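The sequence and the structure are shown first, and the description follows.

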Amino acid sequence: MAWDESFICNICGTVKLESNHWWMIALGNVFCFEEGQPSRHFTLLPWNEEESRNPDVYHVCGEGCATKALERFMSSGTLEGSRADIRTTAG
Ligand SMILES: [Zn+2]
């Protein structure tokens, strides 16, 4: 067995299987045209074995999670999930 590492979707926690069509997302700084503007970009990349081990790359299990990742990026500038939206409907 060449690789014993496994990848987990950064959005939903699904474990990658060989047959899955996964994507990668890279966030980073981009040219800052105007002061005060967000200098971040969101890059969606086809799965790539070499780049998938880059610690700066996020892994998503499909277009559904890629869309969620984009929504998170647009609202918070990060892909880290905010747990707040899960609980707001209670009560
Ligand atoms: Zn997922």
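Two residues are in contact if their C-beta atoms, placed from the backbone, lie within 7 Å. Among contacts in the protein between residues at least 6 apart in sequence, those that join residues at least 24 apart make up 56%. The model is predicted: local features need pLDDT of at least 70 and side-chain atom pairs count only at pLDDT 80 or more, while totals for chains, interfaces and linings use all residues. Residue numbers start from 1 along each chain as its sequence is written.

## Overall arrangement

The protein contains two helices and three strands. Helices (H or I, at least four residues) and strands (E, at least two) are DSSP runs, numbered from the N terminus. Along the sequence, these elements follow the pattern β-β-β-α-α. Of the 91 residues in the protein, 14% are buried. A residue is buried if 20 or more other C-beta atoms lie within 10 Å of its own, exposed if 12 or fewer, and partly exposed in between, with C-beta atoms placed from the backbone.

## The sheet

The three strands form an open, antiparallel sheet in the order E2-E1-E3. E2 and E3 are at the edges with a single partner strand each, so one side of each has no neighbour in the sheet. From one strand to the next, the twist averages 30°, where axes are lines fitted to C-alpha atoms (for helices over the stretch in contact) and angles run from 0 to 180 degrees between N-to-C directions. Two strands pair if DSSP finds at least two bridges between them. The table lists the pairings.

| Strand pair | Sense | Bridges |
|---|---|---|
| E1 and E2 | antiparallel | seven bridges |
| E1 and E3 | antiparallel | four bridges |

Individual residues can be followed across these pairings. Trp23 has Val60 in E3 as its bridge partner, and Met24 stands opposite His59 in E3. On the other pairing, Gly28 has His41 in E2 as its bridge partner.

In a regular strand the side chains alternate between the two faces of the sheet.

## The core and helix H1

The largest nonpolar core consists of eleven residues: Cys9, Ile11, Trp23, Met24, Ile25, Tyr58, Val60, Cys61, Cys65, Ala66 and Ala69. Strand E1 (23–29), strand E3 (57–60) and helix H1 (63–76) each give two or more residues to this core. A nonpolar core is a set of buried Ala, Val, Leu, Ile, Met, Phe, Trp, Tyr and Cys residues joined through C-beta atoms within 7 Å.

H1 has 14 residues and reaches 20 Å from its first C-alpha to its last, close to the 20 Å expected at 1.5 Å a residue; the expected span is 1.5 Å times one less than the number of residues. Which residues of H1 are buried? They are Cys65, Ala66 and Ala69. Seen down the axis of H1, the buried residues fall within an arc of 105°, so they line one face of the helix; the arc is that of the directions from the helix axis to the C-beta atoms. The face turned away from the buried side of H1 carries the exposed residues Glu63, Gly64, Thr67, Glu71, Met74 and Ser75.

E1, strand E2 (40–46) and E3 are among the elements that cover the buried residues of H1. Leaving aside neighbours within four places in sequence, Cys65 is in contact with Cys9, Ile11, Cys12 and Val60.

## Beyond the helix and before the sheet

Gly77 follows H1 and has a positive phi, near 80°. Leu79 is in the loop between H1 and helix H2 (84–87). Leu79 counts as partly exposed because it has 19 C-beta neighbours inside 10 Å. Not counting residues up to four places away in sequence, Leu79 touches Asn10, Ile25, Leu27, Tyr58, Ala69, Arg72 and Phe73.

Asn20 lies in the segment before E1. With 14 other C-beta atoms within 10 Å, Asn20 is partly exposed. Asn20 and Cys61 are 41 residues apart along the chain, and their C-alpha atoms are separated by 7.1 Å.
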